[in-house]
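Reader: I would like to go through the features of a model one by one. Please give the idea behind each reading, then the case at hand.

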Amino acid sequence: MKDPRSIQRRTAMAACGLFAMGAAFAADDPAKFPERPVRIIVPYAAGGTSDLLARYIGQKLSERWGQQVVVDNRAGGGTVIGASAVARSAPDGYNLLLTNNTHVINTHLMTNLPYDAVRDFTPVATLATSAYLLLLNPSVPAQNLQEFIALLKSRPGKVNFGTHGPGGLTHLAAEMLNLTAGTKMQMVQYKGAGPALTAILAGEVEVYLDAPATTLPYVQSGKLRAIGISGSTRLPSLPNVPPISQAGVPGFDVTIWYGLLGPAQMPAAVTNKINADLAAVLSLAEVKEKLEALGVTPYASKQPDFARFVRSEQDKYGRIVKAADIKAN
């Protein structure tokens, strides 16, 4: 039998802890945000685009706020570990998640998510966008998108595309091309983006979609052929490569977005403050130059617009996952 005095002590300690937490949250005035360090959780390992973006933007926000912005890498679970930490945190703006399309894609691939990707988060602000290049091995007898689509239709199921995992954005982009163009390519899965890139360079697969930041040198050297870009605008570094949607596949759009989410029910004053300060930071010429060097384009939007966008992205990728019958490992 448990000692009643032990139970009383634990109950008293728990009550004191809750009182202290409540007092701490009450001390935070949304109108004075931030009054203490802010943490940005990145659900990926250090060194990737999301991590670099968080560290650079965090530094600029720290300079603007006069408060430290700490980047906390919580990799694992396909971004679920980091997202869960933010969903469970106090809705005061001091714990934010830097995430991307994967956040909403997971809702269609994982049956036991410990949170609702829309309901349990507050979309705070967009940071940047990027796009994929549609890449061919030079052995493919197609010089442009129209010729490539014709080739795919003449050889249904005979052309392979590389990906670094089922349900990842490169996989969904290829499946969206299949759906919108009426073609059928076959997926070949690799253990990471590096092996998938190596595979197309070696001719093991004919097609791959990947970010310009990692593939541009191979395009410029002629080791890969870029015939389209997944977003809506051309790249200054590749002015002759058209958006896929404008070169024969209307309706195709796979834009990689990066944004900050907070826990549900954040105060509007805090959300609007972060959104406005990020917009100011992203408007700086030095920030634009730095982000473009990382292979992304600064993108600021109003908070309500970002909230609507997150919901629309969840719906869009749900349609792709269902139509292509994609299952996660």
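This is a predicted model: local features need pLDDT of at least 70, side-chain atom pairs count only at pLDDT 80 or more; totals for chains, interfaces and linings use all residues.

Reader: At what angle do the axes of H2 and H9 cross, and which residues make the contact?

Author: Start with the axes, then go to the side chains. The axes of helix H2 (residues 49-65) and helix H9 (residues 268-282) cross at roughly 110° and come within 10 Å. Angles of 65 to 115 degrees count as roughly perpendicular, so H2 is roughly perpendicular to H9. On the H2 side the contact is made by Ile57, Lys60, Leu61, Arg64 and Trp65. H9 contributes Lys273, Ile274, Asp277, Leu278, Ala280, Val281 and Leu282. By class, the contact of H2 with H9 has 8 nonpolar and 4 charged residues, and no polar ones.

Reader: How are H2 and H10 oriented to each other, parallel or antiparallel?

Author: The angle between the axes decides this. For H2 and H10 the axes cross at roughly 170° and come within 11 Å. Angles over 145 degrees count as roughly antiparallel, and H2 and H10 are therefore roughly antiparallel to each other. Leu53, Tyr56, Ile57 and Lys60 of H2 meet Glu286, Val287, Lys290 and Leu291 of H10. The residues in this contact of H2 with H10 divide into 5 nonpolar, no polar and 3 charged. Ile57 and Lys60 of H2 take part in the contact with H9 and also in the contact with H10.

Reader: At what angle do H6 and H11 pack?

Author: The reading goes the same way. Helix H6 (residues 169-181) and H11 pack at about 75°, with their axes 10 Å apart. That makes H6 roughly perpendicular to H11. From H6 come Leu169, Leu172, Glu175, Met176 and Leu179, which meet Tyr317, Ile320, Val321, Ala323 and Ala324 of H11. The classes here are 9 nonpolar, no polar and 1 charged.

Reader: What volume does the largest pocket have, and which residues are closest to its centre?

Author: Take the volume, then the lining. The largest pocket has a volume of about 1,100 Å³. It is lined by 40 residues, and Tyr44, Asn100, Thr102, Tyr132 and His164 are the closest to its centre. Two or more lining residues come from each of H2, helix H4 (102-105), helix H7 (193-202), helix H8 (212-220) and strand S10 (255-263). The lining consists of 20 nonpolar, 19 polar and 1 charged residues.

Reader: How many residues line the second largest pocket, and which elements supply them?

Author: The second largest pocket has a volume of about 550 Å³. Its lining has 21 residues, with Leu235, Pro236, Gly295, Val296 and Thr297 nearest the centre. At least two lining residues are supplied by each of strand S4 (121-131), H8 and helix H10 (285-293). By class, the lining has 9 nonpolar, 9 polar and 3 charged residues.

Reader: How is a pair of aromatic rings described?

Author: By the distance of the centres and the angle of the planes. A search of the whole structure finds 5 aromatic pairs. In one of them, the ring centres of Trp257 and Phe309 are 5.8 Å apart and the planes stand at 75°, so the pair is edge-to-face. Trp257 is in strand S10 and Phe309 in helix H11 (residues 303-324), so the pair ties together parts 52 residues apart in sequence.

Notes: Residues are numbered from 1 along each chain as its sequence is written. Side-chain values use heavy atoms; hydrogens and water are left out. Axes are lines fitted to C-alpha atoms, for helices over the stretch in contact, and angles run from 0 to 180 degrees between N-to-C directions. Helices (H or I, at least four residues) and strands (E, at least two) are DSSP runs, numbered from the N terminus. Angles under 35 degrees count as roughly parallel, over 145 as roughly antiparallel, 65 to 115 as roughly perpendicular and the rest as oblique. Contact means heavy atoms within 4.5 Å. Ala, Val, Leu, Ile, Met, Phe, Trp, Tyr, Cys and Pro count as nonpolar, Asp, Glu, Lys and Arg as charged, and the others, Gly among them, as polar. On a 1 Å grid over the protein atoms alone, a cavity is a set of points where a 1.4 Å probe fits but cannot get out, and a pocket is an open set with protein on both sides within 12 Å along at least five of seven lines; lining residues have an atom within 4 Å of a point. Grid points are joined across faces, edges and corners, and a volume is the space filled by probe spheres set on the points. Rings of Phe, Tyr and Trp (its six-membered ring) pair if their centres lie within 6.5 Å; planes under 30 degrees apart count as stacked, over 60 as edge-to-face and the rest as tilted.
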